[in-house]
Amino acid sequence: MARPQKTTTPARTGTKPQRPAKNSVKTRAPLTGDTKPAIGIIGGSGLYSMAGLEDTREVRVKTPFGEPSDAIVVGTLEGKRVAFLTRHGRGHRILPSEINYRANIYAMKMLGAGRLISASAVGSLQEDLRPMEFLIPDQFFDRTKQRIATFFGQGLVAHVSFEKPTCEDLSMLLAAACEQARVKVHRGGTYVCIEGPQFSTLAEAHVHRQLRFEVIGMTNLTEAKLAREAEMCYATVAMITDYDCWHPEHASVTAAEVMNNLKTNAQSAENVIRTAVRSLPAAHSCKCAVALQHAIVTDRAAIPAAAKRRLAAIVGKYLN
Ligand SMILES: [Zn+2]
């Protein structure tokens, strides 16, 4: 018997109340030099703030694509400058389809982040991927329907390579951090990204399982596409909260149990991210930072000035 949809609802929409960032100060002062965060962290359901983040200040970033989901909290984590953004906004106010993904990624780029660590609650599509375990996806499958998932257009065409949609180096580091933090981790797997906000039907869950997808969520593919276009490393800690709707023996799990999983996972994710940030080397050996090198197709002379201005933070180095 299929588990009623409502028992899984809290797991990937996160109805947990907000935990405001401590000691945060709203400021308009520019971030310069060594105050710039090189690492961006995007927290999903359950992860609305970041433990251990010190000397914080809130930055309201205006981008050519509008405003991000919330103020970005810039601070020091494990001795390194990081920027933290809660994907759904504090208080969890924004649907997956309503998130201004372009503004979120562009704002991180504007602040100086070259790497993005994402933490996201997901459902498991396989028996051996158990709730409270983590998975580092290395592939995505797109089942979204109504999102703008590119920075390009309006006179400027570019096609980035997306064969390997995540940063392998950052993914390996996150997996190692899970092990160090004593969280069971699965290296690699496909994250199927659906539009939501509804969870899958049983028929859809069976199809996703037959296609051998590992986990299901509603946000990360869109972020990964934009991060690649913005030449940022992107990797995800997928926190398994439940077995979607397909598992017969987990049909009777209570909403309270799922909420508890979400809370425990968020705490584990904080440990994993702190460990990862601590061990993240300053130098990149991956190719993420040159993803646009051969991707811009439009004749330079034909690119409208407005497009150059709009995408200056991303394409400026190739057009000047
Ligand atoms: Zn990379």
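Start at Pro197, which sits in the loop between β10 and α4 (202–210). Helices here are DSSP runs of H or I of at least four residues, strands are runs of E of at least two, and both are numbered from the N terminus. The peptide bond leading from Gly196 into Pro197 is cis, with omega near 0 degrees.

Before going on, the ground rules. This is a predicted model, in which local features need pLDDT of at least 70 and side-chain atom pairs count only at pLDDT 80 or more, while totals for chains, interfaces and linings use all residues. Residue numbers run from 1 along each chain as its sequence is written.

pLDDT is the predictor's confidence in each residue, from 0 to 100. The chain average is 90, and 89% of the residues score at least 70. Two stretches stay under 50: residues 1–11, with 33 contacts beyond four places in sequence, and residues 13–27, with 36 such contacts. A contact means that the C-beta atoms of two residues, placed from the backbone, lie within 7 Å. Where pLDDT is low, the predicted coordinates should not be read in detail.

Now the overall picture. The chain has 8 helices and 12 strands. Of its 320 residues, 48% count as buried, which means 20 or more other C-beta atoms within 10 Å of the residue's own; 12 or fewer is exposed, in between is partly exposed, and C-beta atoms are placed from the backbone. Among contacts between residues at least 6 apart in sequence, 86% join residues at least 24 apart.

Back to strand β10, residues 190–194, where we find Cys193. Is Cys193 buried or exposed? Cys193 is buried, because it has 27 C-beta neighbours inside 10 Å. Leaving out residues up to four places away in sequence, its contacts include Phe140, Phe141, Asp142, Met218 and Leu221. Val122 is 71 residues from Cys193 in sequence, with the two C-alpha atoms 9.8 Å apart.

Next, two helix pairs. Axes are lines fitted to C-alpha atoms, for helices over the stretch in contact, and angles run from 0 to 180 degrees between N-to-C directions.

The pair α3 (residues 168–180) and α6 (residues 255–279) packs at about 120 degrees, with axes 8 Å apart. That angle makes α3 oblique to α6; under 35 degrees would be roughly parallel, over 145 roughly antiparallel, 65 to 115 roughly perpendicular, and the rest is oblique. On the α3 side, Leu173, Leu174, Ala177, Cys178 and Gln180 meet Val272, Thr275, Ala276 and Ser279 of α6. By class, this contact has 6 nonpolar, 3 polar and no charged residues. Nonpolar covers Ala, Val, Leu, Ile, Met, Phe, Trp, Tyr, Cys and Pro, charged covers Asp, Glu, Lys and Arg, and the others, Gly among them, are polar.

The second pair is α2 (residues 101–111) with α5 (residues 220–229), at about 45 degrees and with axes 10 Å apart. α2 is therefore also oblique to α5. Tyr101, Arg102 and Ile105 of α2 make the contact with Thr222, Glu223, Leu226 and Ala227 of α5. The classes here are 4 nonpolar, 1 polar and 2 charged residues.

Last, some backbone angles. Asp55, in strand β3 (residues 54–59), has a positive phi near 50 degrees, though it is not a glycine. Asp55 is exposed, because it has 12 C-beta neighbours inside 10 Å. Gln154, in the loop between β8 (139–143) and α3, also has phi near 50 degrees. Gln154 has 10 C-beta neighbours inside 10 Å, so it is exposed.
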